[in-house]
Amino acid sequence: MANQPAGIPDLIPHYIDGERVPSVDGDTFGVLNPVTNEDYTVAASGKQADIDLAVAAATRAFHEGPWPRMKNRERARILSRIADIVESRDQELAQLESWDSGLPITQAKGQAQRAAENFRFFADLIVAGRDDTYKVPGSQVNYVNRKPKGVAGLITPWNTPFMLESWKLGPALASGCTVVLKPAEFTPLSASLWAGIFEEAELPAGVFNLVNGFGETAGDALVKHPDVPLISFTGESSTGKLIFGNAAPHLKALSMELGGKSPAVVFADADLDAAIDSTLFGVFSLNGERCTAGSRILVERSIYEEFLERYAERAKRIVVGDPHDPTTEVGALVHPEHFDKVMSYVEIGKQEGRLLAGGGRPEGLPEGNYVAPTVFADVAPDARIFQEEIFGPVVSITPFDSDEEALELANNTRYGLAAYIWTNNLKRAHLFSQNVEAGMVWLNSHNVRDLRSPFGGVKASGLGHEGGYRSLDFYSDQQAVHITLGDVHTARFGASA
């Protein structure tokens with residue numbers, strides 16, 4: 001195939017206990033390129049038996065190996081080596097990620113730096129971190145003994161997969177856990193790089209294990225495994241509900257970052273140029289396949305028509321094309337199944353809103369999973385394209401007349417992941433931010449991540465938060481140890497007999 005990166009294996013294997021292995025039953029599945037929708041390799045298809053082997057290896061490494069017992073500085077050195085190796089492979093990773101996922105090459109570049117920063121951040125955090133100690137003078141000292149929880153099951157999505165895998169691998173490994181990673185079946189290619197990176201960094205065997213496969217088989221077996229006490233999952237809300245139910249019998253710790261239908265609210269006093277730039281980027285970057293996309297734009301009525309005219313004109317000029325072309329701004333959607341889903345919403349939108357841009361396949365691209373950036377105006381709050389996550393380059397725009405109406409519209413979905421507020425009124429900015437139902441809010445900005453701050457959603461957008469110390473808290477048990485220094489005054493039950 002044209003533009004195919006060098007070094008793609010004939011089989012993407014599992015990685016269990018330091019070895020690259022096929023599935024126990026020999027089963028594989030095809031991995032396709034989203035530009036041609038032709039399989040370019042196959043991946044080992046994991047099932048219960050493969051998950052059992054991976055969990056057994058991770059369990060041995062946790063109970064018998066050095067990793068959980070290393071001093072924080074020792075683990076941090078290895079994490080820092082991992083970061084250096086990841087960063088050095090930026091070009092290779094960008095080519096593989098763009099090829100496998102359809103992400104434009106200019107947006108795939110830099111994913112390695114972001115992934116490397118996750119490991120550096122948690123290397124620093126475990127060295128500089130501290131836990132609470134409380135003293136009752138002359139009576140008692142209480143301190144927190146932080147311990148890794150055990151084998152962490154990590155289930156990751158297909159959008160920017162390598163970088164999102166690092167979000168989970170960094171804190172899990174920093175905490176001293178061992179892991180079993182189940183990457184998304186649509187995009188297993190870049191995940192296969194982790195084995196070589198960890199070997200080069202001298203991560204002990206068994207600490208990291210990877211099983212490819214489908215959610216219904218490999219993912220289900222990992223969630224239900226009795227020796228996996230915690231699951232971190234990023235994906236759609238319906239899958240999150242299944243995981244929640246399947247984890248319940250074992251009372252597993254869960255962290256789930258789920259779907260979103262995030263509002264971008266533009267008030268009349270906003271910097272309109274900046275708001276248009278940011279709201280375009282916020283929904284059309286990464287091919288629109290991003291959980292925090294500001295896919296519902298709410299615009300104050302006095303600037304509504306001007307906003308629509310300028311926004312639609314820009315959307316029409318977005319360059320859609322070959323992901324490997326550096327001029328491409330929107331590439332191919334990840335898989336034909338997802339393409340069909342997004343296109344079905346485009347057709348629904350034509351009945352629910354006024355089409356201003358896009359609305360189908362771009363001209364000159366008769367094959368591949370290409371969708372023209374699509375803009376619908378005058379979308380009612382009960383419309384499906386207003387309420388349901390599309391996860392593609394499709395945006396709905398709705399007017400509002402007051403702050404109260406804007407807040408009601410912003411909160412009028414089952415999701416609550418992110419929100420974007422555009423205003424130069426300081427009082428309004430803070431009041432609106434504090435009352436919007438979203439786990440994260442950006443004022444006069446698109447999604448700019450600070451690794452120290454919590455990441456996660458409310459309502460149907462997630463369970464729990466990660467980021468900074470919250471990530472370490474999730475992968476650790478915090479044991480309270482109480483030491484008595486003085487006399488213990490205890491009621492003497494039975495002493496009067």
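Q: A charge sits over a ring if NZ of Lys or CZ of Arg is within 6 Å of the ring centre and within 35 degrees of the ring normal. In this predicted model, what makes Arg 75 and Trp 67 a case of that?
A: The charged end of Arg 75 is 6.0 Å from the centre of the Trp 67 ring. The distance limit is within 6 Å, so Arg 75 is counted as sitting over the ring of Trp 67.

Q: What distance goes with Lys 149 lying over the face of Phe 474?
A: Lys 149 is at 5.3 Å from the ring centre of Phe 474. With the cut-off at 6 Å, that distance qualifies.

Q: Now for ring-on-ring contacts. Why are Tyr 15 and Phe 208 called a tilted pair?
A: There are 18 aromatic pairs in the structure, and in this one the centres are 5.9 Å apart with 35° between the planes. Centres within 6.5 Å make a pair, and stacked needs planes under 30 degrees apart while edge-to-face needs over 60.

Q: What kind of pair do Phe 121 and Phe 122 form?
A: Their planes are at 90° and their centres 5.0 Å apart. Since over 60 degrees counts as edge-to-face, that's the label this pair gets. Both Phe 121 and Phe 122 are buried.

Q: On to the strands. How do you know that β18 and β19 pair?
A: Four bridges join strand β18 (residues 418-422) to β19. At least two are needed, so they pair, and they run parallel. One detail: Ile 421 has Leu 443 in β19 as its bridge partner.

Q: What makes β15 and β19 the edge strands of their sheet?
A: The open sheet has seven strands in the order β15-β16-β17-β14-β13-β18-β19, with mixed pairing. Strands β15 (354-357) and β19 (440-443) each pair on one side only. Neighbouring strands of this sheet are turned by 20° against each other on average, direction ignored.

Definitions and conventions:
Residues are numbered from 1 along each chain as its sequence is written. This is a predicted model: local features need pLDDT of at least 70, side-chain atom pairs count only at pLDDT 80 or more; totals for chains, interfaces and linings use all residues. Side-chain values use heavy atoms; hydrogens and water are left out. Rings of Phe, Tyr and Trp (its six-membered ring) pair if their centres lie within 6.5 Å; planes under 30 degrees apart count as stacked, over 60 as edge-to-face and the rest as tilted. Buried means under 20% relative accessible area, exposed over 50%, partly exposed in between (1.4 Å probe, protein chains only). Helices (H or I, at least four residues) and strands (E, at least two) are DSSP runs, numbered from the N terminus. Axes are lines fitted to C-alpha atoms, for helices over the stretch in contact, and angles run from 0 to 180 degrees between N-to-C directions.
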